[in-house]
Amino acid sequence: MPITAEAEYVLRTIEERGIRFVRLWFTDVLGFLKSFTITSQELEGALAEGMGFDGSSIEGFSRIQESDMIAIPDAATFQVIPWKNEAPVARMFCDVFNPDGTAFDGDPRGVLKRQLQRAADMGFTFYVGPELEYFYFRSVEDPSFLDHGGYFDETPLDVATDYRKRTVQYLESMGIPVEYVHHEVAPSQHEIDLRYTDALTMADNVMTYRLTGKEVAHEFGIYATFMPKPVAGVNGSGMHTHQSLFEGDRNAFFEADDEYHLSKTAKAYIAGLLKHAPEITLVTNQWVNSYKRLIPGFEAPVYVCWARRNRSALVRVPQYKPGKEEATRIEYRSPDPACNPYLAFAAMLAAGIAGIEGSYELPPEASNNIYGMTEAERDAAGIRSLPEDLVEAIHLAEGSDILRDALGDHVHEYLIRNKREEWDGFKAYVTPYELERYLPIL
């Protein structure tokens, strides 16, 4: 494979800055970042031909009898890692291939690329802007709050300003622009919003952001977690995902003459998300703990509907501002920050595309507080619920042609199998709640 101009830039930068080691990053099916390190002398060969590794121990990759994998660095993702106490080290995300040169079906980055190509064949570019929330705790052994601040609180209630500031500095030094930084609703809960960009770049950025957040916490001697619901009784952490489709430089979601300023494409896309939301929830909310967040009363969406101002809806359409047509977008509010972003973005896009291809009709806007409606009223309005727990999500995902087509057989089958094992383990576990509630009386 010939060396590209981007690869030549990487090689020149490595030499000029005296960088001796390069970390090659990729992601397993569950969304955990994996890495191995090569020396700078090996980099030119890696860029041209890739680096072999054993995939048999990587979650969702290959069985031991077919374990050889090739990681090919994406030169466009080259960045120098800025964390303290780190000698000059660079990183690049990789695409994973089989030894015969074909794309590996179990590579989540490849899964997203296939869906993005599908959108491109329709003339669309998919843009996303996720809002990742997370908690700071004293340590993993002592998950107590660092503050009792609330939404947008400033010091002294918010003691984490320096932690967030350093995180933003590190992200921006790696070419990841940040839009908003603030304290969230729950004590010791925070949010850093990354600036809207194409979905592949954003999935890479999310992986970088999660690791950076944890590295910064470690530097300060505390612990950061993206667990969806680490503390009962307060809001969990979400990853509300703003998204839109562009045709060239034109926002395909905007329509000037529509009462909602939404195009036919946007309405069909929303309708696709709503119709297929329950069956893709296993991907956007993949852990047993994810469903402790998706309950009424804590701002997380539970009911499948859309609205403009109603934040209890699953899909929210931010209010249109004149002259900001390019900002027309929809916000999908159920994902949590512990998902695999490659698979989550792929699944959301697949659901939206299904709506466009099938010319789905957008149901009426939910103008009432859905949480205040009775079950009979929700049924009359045609408002369904998201899965209540992981096992319900598994059943819906298992029978979903939309999700199987989006993920491919390899990832879909592995995910179902792995999540069944997780549910079986949880189901057999005797929780402190049961001991506290039942042991004194039974």
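**Salt bridges, cores and a helix**

Mentor: Let's start with Lys 427, which is exposed, at 56% relative accessible area. Exposed means over 50%, buried means under 20%, and partly exposed is in between, using a 1.4 Å probe on protein chains only.

Trainee: What should I know about the model itself?

Mentor: It's a predicted model: local features need pLDDT of at least 70 and side-chain atom pairs count only at pLDDT 80 or more, while totals for chains, interfaces and linings use all residues. Residues are numbered from 1 along each chain as its sequence is written, and side-chain values use heavy atoms, with hydrogens and water left out.

Trainee: Back to that lysine. What does Lys 427 form a salt bridge with?

Mentor: Its partner is Asp 424, with the closest N and O atoms 3.6 Å apart. A salt bridge here is a side-chain nitrogen of Lys or Arg within 4 Å of a carboxyl oxygen of Asp or Glu. Both residues lie in helix α11, three residues apart, about one turn of the helix. Helices are DSSP runs of H or I with at least four residues, strands are runs of E with at least two, and both are numbered from the N terminus. Asp 424 is partly exposed, at 41%.

Trainee: How many salt bridges does the structure hold?

Mentor: There are 18. One of them pairs Asp 74 with Arg 109, at 3.0 Å between the closest N and O atoms. Asp 74 is in the loop between β4 and β5 and Arg 109 is in helix α3, so this pair ties together parts that are 35 residues apart in sequence.

Trainee: Is Arg 109 buried or exposed?

Mentor: Arg 109 is buried, with a relative accessible area of 2%. Asp 74 counts as buried too, at 17%. Asp 74 and Arg 109 also belong to a network of salt bridges with Asp 95, Lys 113 and Asp 204.

Trainee: New topic. Which residues have the most contacts inside the largest nonpolar core?

Mentor: Those are Phe 126, Tyr 136, Leu 245, Tyr 269, Ile 270 and Phe 345, in a core of 98 residues. Helix α8 (residues 341-357) gives the most to this core, with 12 residues. There's also a second, separate core of 23 residues, which includes Ile 14, Ile 38, Ala 75 and Ala 90. By nonpolar core I mean a set of buried Ala, Val, Leu, Ile, Met, Phe, Trp, Tyr and Cys residues joined through side-chain atoms within 4.5 Å.

Trainee: What does Tyr 136 touch, leaving aside its neighbours within four places in sequence?

Mentor: Its contacts include Ser 144, Leu 146, Tyr 163, His 190 and Tyr 223. Contact means heavy atoms within 4.5 Å.

Trainee: Which residues of helix α10 are buried?

Mentor: Leu 390, Val 391, Ala 393, Ile 394 and Ala 397. Seen down the axis of α10, they fall within an arc of 155 degrees, so they line one face of the helix. That arc is taken from the directions from the helix axis to the C-beta atoms. Their cover includes α6, α7 and α11.
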